[in-house]
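Welcome, and please open your viewer. We will go from the whole chain down to single residues, with something to select at each stop.

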Amino acid sequence: DFVNTHVVATNRWLAQFARREGIAVLDFHQVLSGEDARRRRAFAQRDGSHITAAGYDVLTSYAVPVLEEMVRGE
């Protein structure tokens with residue numbers, strides 16, 4: 001709970017800052033989390049914070065097309 005609360009609060013602040021400054025941000029939390037905004041068990045180590053190999057696979061599948069689109073300027 002402690003880690004999740006801080007991650008959500010920090011991500012909220014980062015998103016607001018990025019919008020204000022016109023900075024693109026990849027929202028990894030939304031990709032790794034379920035409906036309850038908690039990291040899905042398949043994507044979290046036992047500590048609930050660090051990401052598993054499956055989590056990194058999902059992040060890569062999400063990030064690569066977004067970054068490729070940004071590089072192309074679309």
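The tour starts with the overall picture and then visits ring pairs, a core and a few individual residues.

**Before you select anything**

This is a predicted model, in which local features need pLDDT of at least 70 and side-chain atom pairs count only at pLDDT 80 or more, while totals for chains, interfaces and linings use all residues. Residues are numbered from 1 along each chain as its sequence is written, and side-chain values use heavy atoms, with hydrogens and water left out.

**Stop 1: the whole protein**

Show the protein as a cartoon. Helices here are DSSP runs of H or I with at least four residues, strands are runs of E with at least two, and both are numbered from the N terminus. Along the principal axes, the C-alpha atoms fill a box of roughly 40 × 25 × 20 Å.

Of the 74 residues, 18% count as buried. Buried means under 20% relative accessible area, exposed means over 50%, and partly exposed lies in between (1.4 Å probe, protein chains only).

How far apart are the mean positions of the positive and negative charges? For the 9 positive and 10 negative charges, the separation is 7 Å. Lys and Arg count as positive and Asp and Glu as negative, without His and the chain ends; each charge is placed at NZ of Lys, CZ of Arg, CG of Asp or CD of Glu.

**Stop 2: the aromatic pairs**

The structure holds 2 aromatic pairs. Rings of Phe, Tyr and Trp (its six-membered ring) pair if their centres lie within 6.5 Å; planes under 30 degrees apart count as stacked, over 60 as edge-to-face and the rest as tilted.

Select Trp13 and Phe17. Their ring centres are 5.3 Å apart and their planes meet at 10°, so this pair is stacked. Both residues sit in helix α1 (residues 2–21), 4 residues apart, or about one turn of the helix. Phe17 is partly exposed, at 29% relative accessible area.

Next, select Phe28 and Tyr62. Here the centres are 6.1 Å apart and the planes are at 75°, so the pair is edge-to-face. Phe28 belongs to helix α2 (residues 28–32) and Tyr62 to helix α3 (residues 53–72), so the pair ties together parts that are 34 residues apart in sequence. Phe28 has a relative accessible area of 35% and is partly exposed; Tyr62, at 22%, is partly exposed too.

**Stop 3**

Keep Phe28 selected and display its surroundings. Not counting residues up to four places away in sequence, Phe28 touches Leu59, Tyr62 and Ala63, where contact means heavy atoms within 4.5 Å. Tyr56 lies in helix α3 and is partly exposed, with a relative accessible area of 47%.

Which residues make up the largest nonpolar core? Select Val31, Leu32, Phe43, Ile51 and Leu59, 5 residues in all. Such a core is a set of buried Ala, Val, Leu, Ile, Met, Phe, Trp, Tyr and Cys residues joined through side-chain atoms within 4.5 Å. Neighbours within four places aside, Leu59 is in contact with Phe28, Val31, Leu32 and Ile51.

**Stop 4**

Is His29 buried or exposed? At 14% relative accessibility, His29 counts as buried. Beyond four places in sequence, the residues it touches are Asn4, Val7, Val8, Asn11 and Ala37.

From there, pick Asn4 in helix α1, which is buried at 18% relative accessibility. Leaving aside neighbours within four places, Asn4 is in contact with His29, Ala37, Arg38 and Arg39. The C-alpha atoms of Asn4 and Ser49, 45 residues apart along the chain, are separated by 7.8 Å.

Finish at Ala37, in the loop between α2 and α3. Its phi is near 70°, a positive value in a residue other than glycine. Ala37 is partly exposed, with a relative accessible area of 29%.
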